[in-house]
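Please look at the sequence and the structure shown here, and keep them open while you read the report that follows.

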Amino acid sequence: MATQFESADVSALIKRYDRPGPRYTSYPTAVEFNEAFDAEAYRERLAGAAASVSQPLSLYVHVPFCEERCAYCGCAVIATRKRDVAETYLEYLAREIAMLASRLGARRRVVQYHWGGGTPTYLTPAQIAHLDATIRRHFDIADDAECAIEIDPRVTTREQIALLRRLGFNRLSMGIQDFTETVQDAIRRHQPESLTRSLFHFARETGFESINFDLVYGLPRQSVETFRRTLASVVDMRPDRIAVYSYAHVPWLRPNQKSIDPLDLPDADGKRGLLGAAIDAFTSAGYEPIGMDHFALPDDELAIAARQRRLHRNFMGYTTRPAPDSVALGVSAIGDVHGAFAQNHKTLARYYQAIDRGQFPIERGYALSADDRVRRHVITELMCNFHLDRKSVETRFGINFGAYFAVELEKLSAADGPVADGILEVTPRALTVTPRGRLFVRNICMTFDRYLASHAGRPVFSRTI
Ligand SMILES: C[S@@+](CC[C@H](N)C(=O)[O-])C[C@H]1O[C@@H](n2cnc3c(N)ncnc32)[C@H](O)[C@@H]1O
Ligand code: SF4
């Protein structure tokens with residue numbers, strides 16, 4: 001059976017739309033962050049956030065360590081086997097936690113609590129328990145909070161899983177990528193399926209409410225045939241959620257990717273075939289597509305929110321529990337506080353130096369303008385819900401949508417634009433991405449991005465398809 005991604009018509013669209021573009025984990029994207037936004041600016045934002053005492057928070061903790069760096073990895077990682085490095089890191093993290101909490105005054109209630117990496121389970125059980133206790137001493141993690149952690153099944157023990165559950169973590173995200181050995185060779189990540197399967201079943205037995213698997217398509221040596229086997233195994237295990245990310249090949253930003261032979265990478269058509277196989281496998285097994293790259297079982301809260309068009313997204317991914325401010329702890333972590341993004345230093349040395357000086361370890365950030373906020377809302381709605389209600393934007397921001405976005409609407413409706421291509425519908429009431437347009441949602445959002453033109457011709461973003 002041909003899928004919506006297998007027609008010649010879609011193939012032509014892919015050729016047209018496959019170009020570098022942001023993933024919009026934030027708008028403006030991190031490329032716009034600058035050093036004019038410093039620790040002092042961050043303190044001011046925190047003071048503003050502290051005033052909204054009754055509002056909940058999202059809290060992210062970055063644990064950057066991995067034993068080895070996978071060749072394909074695009075995350076902020078420090079590869080080391082020296083365990084004492086983590087011990088020192090945790091000491092500084094504790095100081096940052098205390099500093100942050102004191103600035104937030106009485107505003108301590110957390111509804112979304114997330115540990116990411118790197119690999120948080122690089123930490124020993126004692127270190128995990130200690131870090132969690134430090135955070136809970138300073139913050140009030142709500143009883144019904146979403147408490148999530150990213151784990152690498154290759155280095156995670158049953159003891160760690162059981163401990164995390166006891167500590168109150170209720171969501172796990174497991175890195176898988178692809179079970180095929182030739183692909184695992186090419187990405188320098190050896191992870192037997194049996195190991196993943198047994199850890200998954202153990203996590204289920206310990207009572208994790210929701211388990212997510214991460215897969216990546218577009219990896220070196222991946223073929224539709226072998227990827228289908230991985231997909232079948234994944235569906236057979238039946239995680240609650242599945243993320244299937246498009247491989248972002250950005251060797252100019254991540255030198256570890258230079259060891260990947262570009263000739264081993266599937267082209268845009270090859271990637272379309274891989275994504276088509278994933279969509280087929282997941283939808284025929286009863287999963288529903290969620291925003292970009294994600295799938296969930298119909299009774300999962302993300303799937304319910306997606307059906308009701310009330311999905312949200314922040315640096316931690318899709319969520320049903322939006323908090324107006326996200327605070328982020330640890331090296332390279334990015335927060336979103338009182339209308340500004342703030343990113344911590346990316347090297348341990350600088351992160352430590354700032355904390356030793358008694359300062360927030362802010363490297364750069366960005367204070368959103370009124371226009372940025374309108375565009376951020378538009379882009380987030382399209383990325384999450386594939387739908388934008390024009391009236392709600394007008395009410396929320398006090399603008400006339402048609403007048404404010406006259407140039408963008410003209411581009412979208414041009415003879416060679418998204419509307420003519422059948423990937424977007426524009427009516428006086430709403431903008432709606434069509435089912436076959438979902439693959440191109442990043443391209444549609446790019447029309448609303450004021451900053452893209454200034455990066456034209458420079459290698460900044462991965463490709464959209
Ligand atoms: C921090 S890792 C997950 C936890 C753990 N470190 C692991 O690898 O199992 C986050 C996820 O990002 C995704 N990822 C990493 N590098 C990527 C890249 N270059 N392009 C697309 N996705 C990538 C992978 O799916 C990975 O599981
Ligand atoms: S993919 Fe995960 S385990 Fe591999 S280097 Fe990146 S963060 Fe570490």
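A polar side-chain atom of Arg 189 lies 2.8 Å from an oxygen atom of ligand 1, which is a polar contact in the sense used here, namely a pair of N or O atoms within 3.5 Å, where within protein one atom must be able to donate a hydrogen and the other to accept it, and where residues adjacent in sequence count only if both atoms are side-chain atoms. Of the accessible area that ligand 1 has on its own, 560 Å², the protein covers 90%, with areas computed by the Shrake-Rupley method with a 1.4 Å probe, and, for residues, with only the protein chains shown counted as cover.

This is a predicted model, in which local features need pLDDT of at least 70 and side-chain atom pairs count only at pLDDT 80 or more, whereas totals for chains, interfaces and linings use all residues. Residues are numbered from 1 along each chain as its sequence is written, chains are lettered from A and ligands numbered from 1 in the order in which they are written, and side-chain values use heavy atoms, with hydrogens and water left out.

**The two ligands**

Ligand 1 is surrounded by 20 residues, and the closest are Tyr 72, Gln 177, Arg 189, Asp 214 and Ala 248; a residue is near a molecule or strand if one of its heavy atoms lies within 4 Å of it.

| Residue | Polar atom of the residue | Atom of ligand 1 | Distance |
|---|---|---|---|
| Tyr 72 | backbone | nitrogen | 2.9 Å |
| Ile 151 | backbone | oxygen | 3.5 Å |
| Arg 189 | side chain | oxygen | 2.8 Å |

By class, the shell around ligand 1 holds eight nonpolar, eight polar and four charged residues, where Ala, Val, Leu, Ile, Met, Phe, Trp, Tyr, Cys and Pro count as nonpolar, Asp, Glu, Lys and Arg as charged, and the others, Gly among them, as polar. The residues around ligand 2 include Cys 66, Cys 70, Tyr 72, Cys 73 and Arg 189, and the shell around ligand 2 divides into five nonpolar, two polar and five charged residues.

**Cysteines**

How many disulfides are there by the rule used here? The count comes to zero, when a disulfide is taken as a pair of cysteine sulfur atoms within 2.5 Å. The sulfur of Cys 384 is too far from others for a bond, because the closest cysteine sulfur, in Cys 445, is 9.5 Å away. Cys 384 also counts as buried, at 2% relative accessibility, and Cys 147 counts as buried at 4%; buried means under 20% relative accessible area, exposed over 50%, and partly exposed in between, with a 1.4 Å probe and protein chains only.

**Strands 17 to 19**

Strand 17 (residues 387–389) pairs with strand 19 (residues 430–433) in the antiparallel sense over three bridges, and Asp 389 stands opposite Ala 430 in strand 19. Strand 18 (residues 424–426) also runs antiparallel to strand 19, joined by three bridges, and a hairpin links strand 18 to strand 19 through three residues. Helices (H or I, at least four residues) and strands (E, at least two) are DSSP runs numbered from the N terminus, and two strands pair if DSSP finds at least two bridges between them.

His 387 lies in strand 17 and is buried, with a relative accessible area of 15%. The side chain of His 387 makes polar contacts with the side chain of Arg 309, at 3.4 Å, and with the side chain of Thr 432, at 3.1 Å.
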